[in-house]
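Here is a short report on a ligand site and a sheet. Read it with the structure open.

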Amino acid sequence: MDRDPRAQVRKAPENFLDPELLRSIRTRGLNEQRRRLIRGAFGAAVGALAATARAAEPDAGDPDIVNPTPWSTTLGKPVAFKPYGEPSRYEVALARRQSPGLTSVAQASVSFAPLQGMFGIITPSGLHFERHHQGWVDVDPSRHRLMINGLVGRPRVYTMDDLMRLPSVSRIHFIECGANTAMEWANVAVPTVQYTHGMLSCSEFTGVPLSVLLDDAKFERPKAKVVLAEGADGSGMTRSIAIERALDDVIVAYGMNGEMLRPENGYPLRLVVPGVQGVSWVKWLRRIEVGDQPYGTKDEVAHYVDLMPDGLLRQYTSIQEAKSVITTPSGGQKLMGPGFCNVTGLAWSGRDAIKGVDVSFDGGRNWRPARLETPVLPKALTRFNCDWTWDGKPCLLQSRATDKTGFVQPTYRQLREVRGTRSIYHNNAIQTWRVDASGEVTNVQL
Ligand SMILES: Nc1nc2c(c(=O)[nH]1)N[C@H]1C(S)=C(S)[C@@H](COP(=O)(O)O)O[C@H]1N2
Ligand SMILES: [Mo]
């Protein structure tokens, strides 16, 4: 343990096409560096580890059991050594990454969440994916205002202090960019789940229900049909949201995972539109205008439309349909050898809670039900697990989600029959990972 893991990890370049990076991808919480230590330091000494249980016998001579470790024979560090805590220095490989191939302009960019290294359903705030149309902005909360205007009897302007006095709710929801998994439409087969599905995160959000603010502004029923949400950044981000949805579960949120939103994610105020594609979750939210028809702004007419096989554009496609992905084993990881392996992944639906997830080991011919971890919440990520004993032969891993509405995640063939091949957004097809005889996992499309 005297090797400096930072030095090893720094070698990993950010370019996803580089094999060094792929080797640094974490597997089941043990990053590649630590796995190598396990195999190298005493895996060799132990020799034949039982194939079914990857753990050493107590008398196997492991020096980290036999000898005292530095941390058990020295004084610990004092409390509040760091006023704001951070992960262990051994975990620096777990990081958001950008794909240079996708985003050449730094300010209009994406960083992907490292799904392959996360547990449960909550995304740590520092690993939440980012998508900015014109960079993130550093808003001074004392100067931030939220205006409610348009078809209202009483236009309102709130300060942050005003908003924090109002009734609040906290709810766990996923956010997925409509362009998540977009490269796969063209079968680009980006190498890791971080790049195939990493524009996805799930947090507990706290804030004021939008319905409270609309009522406070005395919005004009029944004339009001839609609200327009506008951000304070330079991108002029504006999205129309139907009034029924706005009055349902939309939150004007200031909190994320128990603290104020991070600047990258909209500090001090963002819209949370459960189940709806990320672009409608307007960050640095400064205005809600009530109107009687959709606004047809650039972000919903020129962008975020789906080109259908008949050549027409599908607009206002907002809901993220049921989808799932296996996060371990996944692309860029390597199985340590035949034997037991917990297959784990995430499932979600923008319509309701997940009802079930099936896992296939033979490219979709046979399916087995996975165990869902609790809680299983509507419009939130759901973690699934499936016991598997790998026999060392090549195989094709898939997961298939079904939500409470009965919607079943489609195959690529089924999705393309309806949507054609020219889409960018809303790819919720079944993902396939190929495991070869050496245990290496790659992204393939069936
Ligand atoms: N004001 C503003 N809001 C915005 C954006 C933006 O560029 N500006 N990007 C949108 C897009 S396309 C997505 S996918 C989500 C991403 O949210 P995140 O960065 O918190 O992950 O924010 C949305 N809200
Ligand atoms: Mo997005």
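A polar contact is a pair of N or O atoms within 3.5 Å; within protein, one must be able to donate a hydrogen and the other to accept it, and residues adjacent in sequence count only if both atoms are side-chain atoms. The model is predicted: local features need pLDDT of at least 70, side-chain atom pairs count only at pLDDT 80 or more, and totals for chains, interfaces and linings use all residues. Residues are numbered from 1 along each chain as its sequence is written, and side-chain values use heavy atoms, with hydrogens and water left out.

**Ligand 1**

| Residue | Part of residue | Distance |
|---|---|---|
| His128 | side-chain N or O atom | 3.3 Å |
| Phe129 | polar backbone atom | 2.7 Å |
| His133 | backbone N or O atom | 2.7 Å |

The protein covers 100% of the 540 Å² of accessible area that ligand 1 has on its own (Shrake-Rupley method, 1.4 Å probe).

**Sheet**

Four strands, taken as DSSP runs of E with at least two residues, form an open antiparallel sheet in the order S15-S17-S21-S20. Strands S15 (323-328) and S20 (371-372) are at the edges, each with a single partner strand, so one side of each has no neighbour in the sheet. Two strands pair if DSSP finds at least two bridges between them. S17 (residues 343-348) and S21 (residues 382-386) pair in the antiparallel sense over 5 bridges. Ala347 has Thr382 of S21 as its bridge partner.

Definitions and conventions: Chains are lettered from A and ligands numbered from 1 in the order in which they are written.
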